[in-house]
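Take a walk through this structure.

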Amino acid sequence: MQVPSWGDVKPDWRAESVGWFDEEGRVVGAGLVLFRPLPKLKKYLAYLPEGPLIDWDAPDLCERWLEPMLGYLKARGAFSVKMGPPVVVRRWSADAVKAAIADPAAARLQDAAATSYEPRAFDVAERLRRAGWQQTEAGGEDGGFAAGQPRYVFQVPFAGRSLPDVHRGLNQQWRRNIKKADKAGVTVVRGGYEDLPAFYELYAETAERDRFIPRPLPYFQRMWTALTAEDPDRMRLYLALHDGDVLAAATMLTVGDHVWYSYGASTSRRREVQPNNAMQWRMMCDAHERGAAVYDLRGITDTLEDANHLLGLLRFKVGTGGQAVEYLGEWDFPLNRLLHKALDLYMARR
């Protein structure tokens, strides 16, 4: 979400790439800023999703890196700045997540003991608070001003691991399902722009089943056009077929050595042939072949109660043998406190 082409995916926002330069004029940091106007005013919410990409460990983080950014964005008409520092706070192994799900005393993931902590994250958070930044609740991306990215994600580390190592890390159910799909004749193929309507048909069915509002088909067509224009292999589409019928589909995004499973969709038909496991395994194999250091399955719920309809998705991702990862979350800086407060009230009413 920090590559320049992402701005072309979001036509309701005005996009601008900004850079930090050292004394010799070399680029040492970068960020994609999305500007969203307030109705009837030439004032903007400035949003840097999962960014900016700067030296978050710098002792002068706020003074050298963030204050110049705030000054620049204020001059561009921003009344508030929202950013998502790409800083990891803690991680839970797959076993730790499974234990937390089984523990009746653990209502949320944060109630369970983490497998590892990143001490620098707490230092970064304290610096941001002292400088006037305000931490916001994690959320899912939505329309209007409801910008937000998941604070909790699930990742499978690939660095230093062979593909057989990754396969051994899958739980027994996953390995069994992959074998079952192969035996049933499920094939996974790469699609193109012309296959996006087939993906979308399954995506709309998934949205109805899982109770979320789907994005329109033109959003995915715009995403494909914008991202592949910047890098022809930035975005991929995978389709799982059985007897010629598309049962599951997913998009995969790559930036550097980080690969994301972005959007997934499936039908309720013939689930017994396990198309989702087959598709994910093919995507993981391709990502590993490309030299990925991490395969990112994106957002997970941090609510572990059985009543949460997203718990099944968490269990599915845990089966990959990866780890739950908590990021620092999103932070706001009100440049105009009155307009920032008005935005909060507007969002509360919505």
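What follows is a short tour of a predicted model.

Begin with helix pairs. Two packed helices are described by the angle between their axes and the distance between the axes. Helix H3 covers residues 94-102, and helix H10 covers residues 311-318. Their axes come within 10 Å and cross at roughly 150°. An angle over 145 degrees counts as roughly antiparallel, so H3 is roughly antiparallel to H10. The crossing of H3 and H10 is left-handed. On the H3 side, the contact is made by Ala-94, Val-97, Lys-98 and Ile-101. H10 answers with Leu-311, Leu-314, Arg-315 and Val-318. Six of the residues in this contact are nonpolar and two are charged, with no polar ones.

Now turn to helix H7 (residues 196-210) and helix H8 (residues 217-230). Their axes also come within 10 Å, and they cross at roughly 135°. That angle makes H7 oblique to H8. The handedness here is right-handed. H7 brings Leu-196, Pro-197, Phe-199, Tyr-200 and Tyr-203 to the contact. From H8 come Leu-217, Phe-220, Gln-221 and Trp-224. The residues of this contact divide into eight nonpolar, one polar and no charged.

The loop between H7 and H8 holds Arg-211. Its phi is positive, about 60°, although Arg-211 is not a glycine. Arg-211 is exposed, with a relative accessible area of 59%.

Next, the interior. In soluble globular proteins, nonpolar side chains tend to be buried together. Here the largest nonpolar core has 45 residues. Trp-92 and Tyr-295 have the most contacts inside this core. Helix H9 (residues 275-289) supplies the largest share of the core, six residues. A second, separate core has 34 residues, including Val-3, Leu-34, Phe-79 and Trp-224. Trp-224 is also one of the H8 residues that meet H7.

Beyond four places in sequence, Trp-92 touches Val-97, Leu-109, Gln-110, Ala-112, Ala-113, Ala-114, Thr-115, Tyr-152, Gln-323, Ala-324 and Glu-326. Val-97 belongs to the H3 side of the contact with H10.

Which residues does Gln-280 contact, leaving aside its neighbours within four places in sequence? They are Trp-174, Tyr-261, Tyr-295, Leu-297 and Phe-316. Gln-280 sits in helix H9. Its relative accessible area is 2%, under the 20% cut-off, so Gln-280 counts as buried.

Is Arg-298 buried or exposed? Arg-298 is buried, with a relative accessible area of 16%. Arg-298 lies in strand E13 (residues 294-299).

Glu-50 is placed in the loop between E3 and H2. Its phi is near 50°, a positive value in a residue other than glycine. Glu-50 is partly exposed, with a relative accessible area of 25%. Where is Pro-52 found? Pro-52 is in the loop between strand E3 (44-48) and helix H2 (61-75). A cis peptide bond joins Gly-51 and Pro-52, with omega about 5°.

Key. Residues are numbered from 1 along each chain as its sequence is written. This is a predicted model: local features need pLDDT of at least 70, side-chain atom pairs count only at pLDDT 80 or more; totals for chains, interfaces and linings use all residues. Side-chain values use heavy atoms; hydrogens and water are left out. Axes are lines fitted to C-alpha atoms, for helices over the stretch in contact, and angles run from 0 to 180 degrees between N-to-C directions. Helices (H or I, at least four residues) and strands (E, at least two) are DSSP runs, numbered from the N terminus. Angles under 35 degrees count as roughly parallel, over 145 as roughly antiparallel, 65 to 115 as roughly perpendicular and the rest as oblique. A crossing is left-handed if the near helix is turned anticlockwise from the far one by less than a right angle, and right-handed if clockwise. Contact means heavy atoms within 4.5 Å. Ala, Val, Leu, Ile, Met, Phe, Trp, Tyr, Cys and Pro count as nonpolar, Asp, Glu, Lys and Arg as charged, and the others, Gly among them, as polar. A nonpolar core is a set of buried Ala, Val, Leu, Ile, Met, Phe, Trp, Tyr and Cys residues joined through side-chain atoms within 4.5 Å. Buried means under 20% relative accessible area, exposed over 50%, partly exposed in between (1.4 Å probe, protein chains only).
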